[in-house]
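Subject: A structure for you to explore

Hi there,

Here is the structure I promised to pass on to you. Have a look at it first, and then read on for what turned up in it.

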Amino acid sequence: MTTLTPVLSEHWDEKDSFTIKGYKRHGGYAAAAKALAMEPDAVIQLVKDSGLRGRGGAGFPTGMKWGFIPQGDNKDHYLVVNADESEPGTCKDMPLLLANPHVLIEGVIIASYAIRAKKAFIYVRGEVTHVVRRLNQAIEDAYKAGYLGKNIFGTGVEVDLVLHVGAGAYICGEETALLDSLEGFRGQPRLRPPFPAIAGLYARPTVVNNVESISSVPAIVARGAEWFSSMGTEKSKGMTLYSLSGHVVRPGQFEAPLGITLRELLDMSGGVREGHQLKFWTPGGSSTPIFTADHLDTPLDYEGVAAAGSMLGTKALQIFDETTCVVRAVLRWSEFYKHESCGKCTPCREGTWWLVQLLRDLENGKGTAADLDKLLDLCENILGRAFCALGDGATSPITSSIKYFRDEYIAHITNGGCPFDPHAATLFASAKAGA
Amino acid sequence: MAFTDKNIETMDSIIARYPRPRSAIMPLLHYVQSIDGFVTAEGIELVAKKLDLSTAEVTAVSTFYTQYKSKPVGEYHVGVCTNTLCAVMGGDAIFAALKEHLDIENDGVTADGKVSLEHLECNAACDYAPVVMANWEFYDNQTVQSAIALVDGARAGNPPAPTRGPNVLPTWKENSAVLAGLNDGHAHEGVQAGAPTLLGLEISKVKG
């Protein structure tokens, strides 16, 4: 049985956890002081040795990303934190920032120092005003304390941190679209190469890291690479935040070593809501192929989930029980991808449009068996052919749901409509549900 | 509305945050909404002038992002998450009930200008589903009844407080200023975390 390992979340239950005072009570900003007394390359090596991998979905080794930044090139370097958390089901970074924005700021100081960046940005999604407020105040307080600015801890190290607030575009979570957005353009992805490490923000060497990745760095500096890599599995080291949502008794955040299983998380939190059974779930947001009850014991690390045919993604575990129509669920996700497609490339812009039309027909009982083949054919033509991962992500729920629930799609055709009662799936199924 | 000298000063301070002025376009558009309530033609002209861009270039950006509104929204802009998880858990029922109750459609505004309604994509609070946002503040674990109480309160000028947010729900314009990066002094208000955020920590403490 895996035990939980609260590190990032360790003091979230203290009422002032988000203040500089609350953070310093437990050694906050001591790791930054320690890192600034090291050589920058030693900090990069430490993060490499820890085995930390990107927590934003792709799982790329964080230390290696930092190591790609060319040194001695006499160019400005930038650190950009991706706080544009918008992947459906993903809900870890926003509560983290609400409860403790200072851990991110401390991570920013360390990471900026390591990659020799004097300017850092946090790109936070715009639809979360209180998170913006907390971040803004925390940055102000860190400046006042001398932890940000021209002469951090009196060491002569300079890090300026700017909070940049988005305006409602999922695509800006894609790192190159984020950079275009931060430069003041429509948020559309760039062709790679060149990668951001060579030509990122303002065409300068740039590291883009997720909130949770950067927030994990202070603990690694404070407690050591060995401590961090003692948690997790062979290639997926450390602890991470798993977000459980949907038809469960108690949804919430669980900080555990990589490799914990959904069965373990459900066992400790009370399981699927009473009187119901698990039908399907996402391991890491809507862009990761769905799983079923057959995958309850799949280790939730990068390799384990990939071997079972999906992706760890953002560890957003959305749980749906047997009252949920899989076609309705997939249609809604497809509408999301269609809405959020930035329009830059044809396979995604046109393809997501067609996916929605076909799925709408199927959900409403107007589809045919040929439509199912057409859906799969369309997915084949989008996957790997779109400019960025949004197009790929749009195909994941469709192909995986047809793989596991083809009969349910067929039932919509033979039944002439959706056989499910949407009211039965709501949380307030026993109360009056209104219109 | 005409922009004052003080507004221009604030815009200059926003531009000064960035190595290159054009990067300030997004906070400036949030700031325009904090004064005019939406992205007005005057606002676009001013942003273009400040950043040495054409109005077409500014408009291209403002129309790309859904939080920038091309027409007025309510003093309280209410969004209901209808992405899959929230929709299934009750978001669809809440959105339908609010449309009927307010007698407006998606993107509609009530005749008194108090409340506007929009269906949202995932707002990163899935463990609090179904989620409703008002002026981009969290209203967690909503029901049809609580959502109706929210909009009724808003129309009466007395909306309930957000679940995880400031003590009093700010107006659309007030919160647009926060999104422009201005500090309204309310950061210390509200809980540090809701119960679902603390669930894993709580379980690990019980188990020791």
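Before we talk about domains, one definition: the domain bounds used here come from an automatic or database domain assignment. Please also keep in mind that this is a predicted model.

**The domains**

In chain B, that assignment gives domain 1, covering 5–62, and domain 2, covering 76–172. Taken over C-alpha atoms, the centres of these two domains of chain B are 28 Å apart.

Chain A is divided into domain 1 (20–229), domain 2 (239–321) and domain 3 (326–422). Between domain 2 and domain 3 of chain A, the C-alpha centres are separated by 23 Å. Where these two meet, 8 residues of domain 2 of chain A are in contact with 10 residues of domain 3 of chain A. On the domain 2 side of that contact, there are 4 nonpolar residues, 4 polar ones and no charged ones.

**Where the two chains meet**

Two packed helices are described by the angle between their axes and the distance between the axes. Helix H7 of chain A (residues 129–144) packs against H7(B) at an angle of about 45°, and their axes are 9 Å apart. That angle makes H7(A) oblique to H7(B). The crossing of H7(A) past H7(B) is left-handed. From H7(A), the contact is made by Thr129(A), Val132(A) and Arg133(A), and from H7(B) by Asn175(B), Val178(B) and Leu179(B). By class, this contact of H7(A) with H7(B) has 3 nonpolar, 2 polar and 1 charged residues.

Just after H8(A) comes Gly184(A), which has a positive phi of about 100°.

**Some backbone details**

The loop between H8 and H9 of chain A holds Pro194(A). Pro193(A) and Pro194(A) are joined by a cis peptide bond, with omega about 5°. Chain B has a cis peptide bond between Ala129(B) and Pro130(B), where omega is about -5°. You can find Pro130(B) in the loop between strand S2 (115–120) and strand S3 (132–134) of chain B.

Ala124(B) is also in the loop between S2 and S3 of chain B. Its phi is near 60°, a positive value in a residue other than glycine. Asp52(B), which is not a glycine, has a positive phi of about 60°. Asp52(B) is placed in the loop between helix H3 (41–51) and H4 of chain B.

Are these two residues buried or exposed? Asp52(B) has 9 C-beta neighbours inside 10 Å, so it counts as exposed. Ala124(B) has 29 C-beta neighbours inside 10 Å, so it counts as buried.

**One last residue**

Finally, look at Arg328(A), which is in helix H14 (residues 326–340) of chain A. Arg328(A) is buried because 21 other C-beta atoms lie within 10 Å, and the cut-off for buried is 20 or more. Leaving out residues up to four places away in sequence, Arg328(A) touches Glu363(A), Cys418(A) and Phe420(A). The C-alpha atoms of Arg328(A) and Pro422(A) are 9.2 Å apart, although the two residues are 94 residues apart along the chain.

Enjoy exploring, and write back with any questions!

Best wishes

Conventions: Residues numbered from 1 in each chain as written. Chains lettered and ligands numbered in written order. Predicted model: local features only at pLDDT ≥ 70, side-chain atom pairs only at ≥ 80, totals over all residues. Helix = DSSP H or I, 4+ residues; strand = E, 2+ residues; numbered from the N terminus. Buried ≥ 20, exposed ≤ 12 C-beta atoms within 10 Å, placed from the backbone. Contact = placed C-beta atoms within 7 Å. Axes fitted to C-alpha atoms, helices over the stretch in contact; angles between N-to-C directions. Parallel < 35°, antiparallel > 145°, perpendicular 65-115°, else oblique. Left-handed = near helix turned anticlockwise from the far one by under 90°. Nonpolar A, V, L, I, M, F, W, Y, C, P; charged D, E, K, R; others polar.
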